Amino acid sequence: MIKSLNKAVEILEILKNNPKGCSLLQIYTTLGIPKTTAYGILKTLIAKMYVLKDEDSLYKLGPALIFLGKAAIAESKVQDIALPVLRALSTQIKVDSFLMIPIGYRGSVLESVDGEQSVRIIEKFGNDFFLHCGAMRKAILANKDEKFIDEYISNVIESGRYKIEITASDLRLALKKIKEEGVAVSYGEYAKGTVGVGAPIYDYNKKVVASVGINLLESKELTNERIEELKKIIRDKGKEISKSMGYI
């Protein structure tokens, strides 16, 4: 029983390090265990939604782990530090504010605070989308290292497995601009008729670990000048959280 548990954990570690998925062959040869043993463990993990098997028979981490992760990091430093900043942000500009974290090639909301003018869209914890979708996720992707971005473009944008409405060259240009400006803006990428603004959050290792941002409805009041104001506010909030995380 203990050996099986240990192998299950090792399988999850393998899948964590291979976000594009692994075949059954890769898993049992990597662990040096019988094929039937690996298959039995995977079958159990799939039944509990800790692992998913896609249309190409590749195994990937499943959605049940997201909720375990939320419980595990409920007291995490980034969440503790970001929450009062989110509250202040929503009070200041009266719209919803969010803390986003990367999970493989996707981004998921870890924390949110409703504003007086809440958009009430479905951007809640557990909704994970690819990192090129929306300002908060792009703010994370743009500040990943070049190797990660190359792999992301290869496995997501150019793979042909997903319906993607952006080319690799256009995405690279967008990410370059975001990194230079320190903030991302998106129009209707997550939900039609909304505008997103997001900025990266770094830790003491100078690694991007999250992003902070807002979603608001498009309106006549949302002029270019106002967008620039919001970009500065969000960028400053990202820096504030990063500084508290030990980033210099």
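How much space lies in the second largest pocket?

**Figure 1. A close-up of the second largest pocket and the residues that line it.** Welcome to a tour of this predicted model. The second largest pocket holds about 270 Å³ of space. Its lining includes a run of neighbours in the numbering, Tyr162, Lys163, Ile164, Glu165 and Ile166. Phe130, His132, Cys133 and Lys138 also belong to the lining, as do Gly188 and Glu189. Sorted by class, the lining has five nonpolar, two polar and four charged residues.

Figure 2. Is Asn155 buried or exposed? Asn155 is buried, because its relative accessible area is 16% and the cut-off for buried is under 20%. The side chain of Asn155 meets the side chain of Tyr105 in a polar contact of 2.8 Å. If neighbours within four places in sequence are set aside, Asn155 is in contact with Lys20, Tyr105 and Tyr162.

**Figure 3. The largest cavity and the elements around it.** How many cavities of 30 Å³ or more does a search of the whole structure find? The search finds one. About 100 Å³ of space lies in the largest cavity. Its lining is made up of 19 residues, and the closest to the centre are Gly134, Ala135, Ser186, Tyr190 and Asn215. Helix α6 (135–141) and the strands β6 (184–187), β7 (194–202) and β8 (208–217) each give two or more residues to this lining. The largest share comes from β7, with four residues. By class, the lining divides into ten nonpolar, six polar and three charged residues.

**Figure 4. Lys231 with its two salt-bridge partners, Glu181 and Glu228.** Side chains of opposite charge can pair when their charged atoms come close. Lys231 forms a salt bridge with Glu181, with 3.1 Å between the closest N and O atoms. Lys231 lies in helix α9 (residues 224–244) and Glu181 in helix α8 (residues 168–181), so this pair ties together parts that are 50 residues apart in sequence. A salt bridge also joins the side chains of Lys231 and Glu228, at 3.3 Å from N to O. Here both partners lie in helix α9, three residues apart, or about one turn of the helix. Through shared partners, the salt bridges join Glu181, Glu228 and Lys231 into one network. Lys231 is buried at 9% relative accessible area, whereas Glu181 is partly exposed at 31% and Glu228 is partly exposed at 45%.

**Figure 5. The salt bridge between Asp54 and Lys60.** How many salt bridges does the count come to? The count is ten, and one of them is the pair shown in this view. The closest N and O atoms of Asp54 and Lys60 are 3.5 Å apart. Asp54 counts as buried, with 17% relative accessibility, and Lys60 is also buried, with a relative accessible area of 17%.

**Figure 6. Ser57 in the loop between β1 and β2.** The loop runs between β1 (51–53) and β2 (59–61). Phi of Ser57 is near 60°, a positive value in a residue other than glycine. As a reminder, most residues other than glycine have a negative phi. Ser57 is partly exposed, with a relative accessible area of 39%.

**Figure 7. Asp203 in the loop between β7 and β8.** Asp203 is buried, with a relative accessible area of 12%. Which residues does Asp203 touch, not counting those up to four places away in sequence? Asp203 touches Val209, Met245 and Tyr247. Asp203 and Tyr247 are 44 residues apart in sequence, yet their C-alpha atoms are 5.2 Å apart in space. A polar atom of the Asp203 side chain lies 2.9 Å from the backbone nitrogen of Asn205. Lys206 is also found in the loop between β7 and β8. Lys206 is not a glycine, although its phi is positive, at about 65°. Lys206 is exposed, with a relative accessible area of 56%, whereas Asp203 is buried.

Key:
Residues numbered from 1 in each chain as written. Predicted model: local features only at pLDDT ≥ 70, side-chain atom pairs only at ≥ 80, totals over all residues. Heavy atoms only, no water. Buried < 20%, exposed > 50% of the residue type's maximum accessible area, 1.4 Å probe, protein only. Polar contact = N/O pair within 3.5 Å; in protein donor to acceptor, adjacent residues only side chain to side chain. Contact = heavy atoms within 4.5 Å. 1 Å grid on protein atoms, 1.4 Å probe; cavity = no way out; pocket = protein on both sides within 12 Å on 5 of 7 lines; lining within 4 Å. Points joined across faces, edges and corners; volume = space filled by probe spheres on them. Nonpolar A, V, L, I, M, F, W, Y, C, P; charged D, E, K, R; others polar. Salt bridge = Lys/Arg side-chain N within 4 Å of Asp/Glu carboxyl O.
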